[in-house]
2 protein chains.
Amino acid sequence: MEKRIRELLASDRPCSGVRVQGWIRTRRDAKGFSFLEVNDGSCLKNLQVVVDAQIPGAEQLNRCTTGASVRVDGDLVESPAPGQRWEVRATRLELIGPADSTYPLQKKGHSLEFLRSIAHLRARSNLFGAVFRTRSRLARAVHEFFQARDFLWVHTPIITASDCEGAGELFRVTTLKGQPGERPKDDFFGRPTYLTVSGQLEAEALACALGRVYTFGPTFRAENSNTSRHAAEFWMIEPEAAFFDLEADMDLAEDFLKAMARHMLEEGGDDLDLFERFVDREVRARLRFVTERPFVRIPYAEAMEILRKSGRSFEFPPEPGQNLQSEHERFLTEEHFHAPVIVYDYPRAIKPFYMRLNDDGVTVRAMDVLVPGVGEVIGGAQREERLEVLRENLRFHGLDESDYQWYLDLRRYGTVPHAGFGVGFERLLMFLTGMGNIRDVIPFPRTPGHAEF
Amino acid sequence: MEKRIRELLASDRPCSGVRVQGWIRTRRDAKGFSFLEVNDGSCLKNLQVVVDAQIPGAEQLNRCTTGASVRVDGDLVESPAPGQRWEVRATRLELIGPADSTYPLQKKGHSLEFLRSIAHLRARSNLFGAVFRTRSRLARAVHEFFQARDFLWVHTPIITASDCEGAGELFRVTTLKGQPGERPKDDFFGRPTYLTVSGQLEAEALACALGRVYTFGPTFRAENSNTSRHAAEFWMIEPEAAFFDLEADMDLAEDFLKAMARHMLEEGGDDLDLFERFVDREVRARLRFVTERPFVRIPYAEAMEILRKSGRSFEFPPEPGQNLQSEHERFLTEEHFHAPVIVYDYPRAIKPFYMRLNDDGVTVRAMDVLVPGVGEVIGGAQREERLEVLRENLRFHGLDESDYQWYLDLRRYGTVPHAGFGVGFERLLMFLTGMGNIRDVIPFPRTPGHAEF
């Protein structure tokens, strides 16, 4: 009976006649038998397979080296070895695919930089197996969180003729060959098109029909930023809900972050243990920090006041009317409040046109969620639902109303208060696992100069 | 207490003090009161709201026209009207956003073509509300199907420097401005890059580490095809499993399609009723056709024999060594077998390089799943895991081995038999709902000349 190793290791009784298929992590030879540590990707732990030198296939043992794939038939029995309950006594061994000494993932440790250069193989290492299993589990938890709250998953377009925020570097999408005489209207879509930077505007259209929706899909930035937190291609989650005001939006964001941290604590298992041991000793403490504390909520003006009166010398002195820097954000959450913090009601001039103008005429209903170690992890807003104010916002930001006719229609016909936020899935993963580089939480990262695989 | 209409209509008792927020579908006026049909996107059915002309807010009734948004406080009571169990007696009415007579979705029916031109509003119609709720439910069912079988959701890259099948029209992704003197190495990634047509090759790398994975993400074709079944941007599901042979792959595909059809039958509810009434009277019969019958599995050569001996005159006469046409596929499933059919072992020359060569040297371990009305809905294969045979396949197809070094590494180091398949999510939705045009099952379709919204 074919079994995945995760099932076998969770067994509550011995079991004869099992089949295991996977890759050898190590082999140790003793007199008359060998121990194979076999992994099949289903969990972090290896299964110990004991191979008697007399069984069929044992003559291949010397080619059963690190990285080779094998098929093992045998019996699951209690292991006499310390630290593991079960092992498999092989009755038959089959070497499927050998791996010679040029296999790059030999037993010794490897740098993350080196492993990035073999992204097609790195998921076979303990660390990256844990990262990608965690990525899949958390992606599922994202779906479960929103669907339990009656949000529908919607697919907003990747190729777009507009730029959500009227800013940001875009990738152009084209079928033109770059030859003389080609005109924009000869292009596939008959106009210039780009890779989306956000599905928000389209999600708003769907929220104003279906009530509650969320996107979870790839988004793009052509920023030439070679930092550990920037990728050209990343996955974003953007909930949008009709009849939500900023308060409801902040509640949703707090619930979301707490649910993700709780999920990690409860379901992280061996993978989380690995992150704690080898990646970030603080990771569990940080997860508890998020799950256990109510988030502090303060207006931007108050946050600015706290920063200015803090007596701290920041690299960038806090300046009213300016964006908070990462060092400011971290001071507020790590040192001043010792809690996650939601800063809201930002100055209008530093936020996009679609955010709802407050009665003061100078701030908008924006909110950012700040957490230790990272700073901003979620950014959101209540959207401007009043047609005339939205028009004025477009003018204020120097945007051309004619580019936004369909978006204005949402305010012309049955407009409703609505709100939403955006979370970068990779940055969320970095926060929840402690991984320090965005290139190491996405299987095949895209960054300036890098589109291998 | 704020409630979504779906919850209220499923209530098992009256309830006082409820709040409902949504959009008016119709208003009927009687003497001293009015009936509002209100929809909030949570389900197909409207909630009937009875508004006495004396309650606060009733003075706004004449502006409560089709498309306007309202907030209603009141009590859920048994409805005396036939065909509905519950209605809400309003105690307070608030008009939030009016919609004047220019609102494009007035009560009368609209053509699908017209509704496409207002894709930002069409989800407010009964039909498109049903389509997008169904899309979200089925997307969730896809995740549940694979995760219940221990498959991990993986995110393969959207921007890629390679072309999976060595064929197909690609969109180019660039930050070059198309100005003289620009060189490919000046581009963002230092080389030409494209939008992916498939995540399969990368999924294979991950399956050869994690065991079982699936992609579910956007893919692209720059084909200039203006048909009802082609879109430039669509979502694809691609499972890939280590240690699966073609038999296991066919089992998985059959289970998948049956599970999706069963999910639609069991969870489709009012939305499925609507598709059956207004879109395709055969939809339930087709779903049962898939769930109830074992799929017939025959080799390509046998299928060809059946077609040639059928005595049918096809537009394209069946020709050994050539691909099956849609009319051939439909004949096999609809007329000959009266069952879904899996055709396997196709001629090597008409299938991509990565499929496993059979011992006959002329066919490969490909399989296509054929269903009535559509023809092929799933295409898959066991992959060539033997390094030397794969190299020979590359030469056979005229491809350059140096472009596939990382892919060959998967066969150099611990190679394993593996298999997978691909399903276009929109075509699956068309099959399961009866919707006839791919533009009508994705919120904002991208086709030649069309990238609005």
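**Asp345(B)**

Asp345(B) sits in strand β13 of chain B, which covers residues 341-347. I take helices (H or I, at least four residues) and strands (E, at least two) as DSSP runs, numbered from the N terminus. I then read the backbone of Asp345(B): its phi is positive, near 60°, and the residue is not a glycine.

**Basis of the entries**

This is a predicted model, so local features need pLDDT of at least 70 and side-chain atom pairs count only at pLDDT 80 or more, while totals for chains, interfaces and linings use all residues; side-chain values use heavy atoms, without hydrogens and water. Residues are numbered from 1 along each chain as its sequence is written, and chains are lettered from A and ligands numbered from 1 in the order in which they are written.

**Phe243(B)**

I checked Phe243(B) next, another non-glycine residue with a positive phi, about 70°. Phe243(B) belongs to the loop that joins β11 (233-242) to α5 (246-267) in chain B.

**Helix α12 of chain B**

I went through helix α12 of chain B, residues 425-433, and noted that eight of its nine residues are buried. Those residues are Phe425(B), Glu426(B), Leu428(B), Leu429(B), Met430(B), Phe431(B), Leu432(B) and Thr433(B). After α12(B) comes Gly434(B), with a positive phi near 85°.

**Chain A overall**

I turned to chain A and counted twelve helices and 16 strands. Its C-alpha atoms fill a box of roughly 85 × 60 × 45 Å along the principal axes. Of its 453 residues, 60% are buried. I looked at contacts (heavy atoms within 4.5 Å): among those between residues at least 6 apart in sequence, 66% join residues at least 24 apart.

The accessible surface of chain A is about 17500 Å², and carbon and sulfur atoms hold 47% of it; the areas come from the Shrake-Rupley method with a 1.4 Å probe, and for residues only the protein chains shown count as cover. For charges I count Lys and Arg as positive and Asp and Glu as negative, leaving out His and the chain ends. Each charge is placed at NZ of Lys, CZ of Arg, CG of Asp or CD of Glu. On that basis chain A has 59 positive and 68 negative charges, with mean positions 5 Å apart.

**Two domains of chain A**

Where do the domains of chain A fall? I find domain 1 at 5-97 and domain 2 at 122-440, with bounds from an automatic or database domain assignment. Their C-alpha centres lie 45 Å apart. Eight residues of domain 1 touch seven residues of domain 2 in chain A.

The size of an interface is often given as the accessible area lost when the parts come together. I noted a buried area of about 620 Å² between the two domains of chain A, 41% of it from carbon and sulfur atoms. Arg25(A), Leu44(A) and Lys45(A) supply 71% of what domain 1 of chain A buries against domain 2, more than any other three residues. Buried area here is the accessible area (1.4 Å probe) that two parts lose on being put together, summed over both.

**Asp271(A)**

I looked up Asp271(A) in helix α6 of chain A, residues 269-279. Its relative accessible area is 3%, so Asp271(A) is buried. Beyond neighbours within four places in sequence, Asp271(A) is in contact with Leu44(A), Ala130(A), Arg133(A), Thr134(A) and Arg137(A).

What encloses helix α7 of chain A? Seven of the ten residues in α7(A), which covers 283-292, are buried, so the helix is largely enclosed by the rest of the structure. I listed Val283(A), Arg284(A), Arg286(A), Leu287(A), Phe289(A), Val290(A) and Thr291(A) as the buried ones. They pack against α5 (246-267), α6, α9, β14 (363-371) and α12 (425-433) of chain A.

I then followed α9 of chain A, residues 326-336, to His328(A). His328(A) is buried, at 1% relative accessible area. Apart from neighbours within four places in sequence, its contacts are Leu307(A), Phe314(A), Phe316(A), Pro317(A) and Pro318(A).

**Val197(A)**

My last entry is Val197(A), in the loop between β9 (193-195) and α4 (200-210) of chain A. Val197(A) is buried, with a relative accessible area of 6%. From its C-alpha atom to that of Pro82(A), 115 residues away along the chain, I read 52 Å.

Conventions. Buried < 20%, exposed > 50% of the residue type's maximum accessible area, 1.4 Å probe, protein only.
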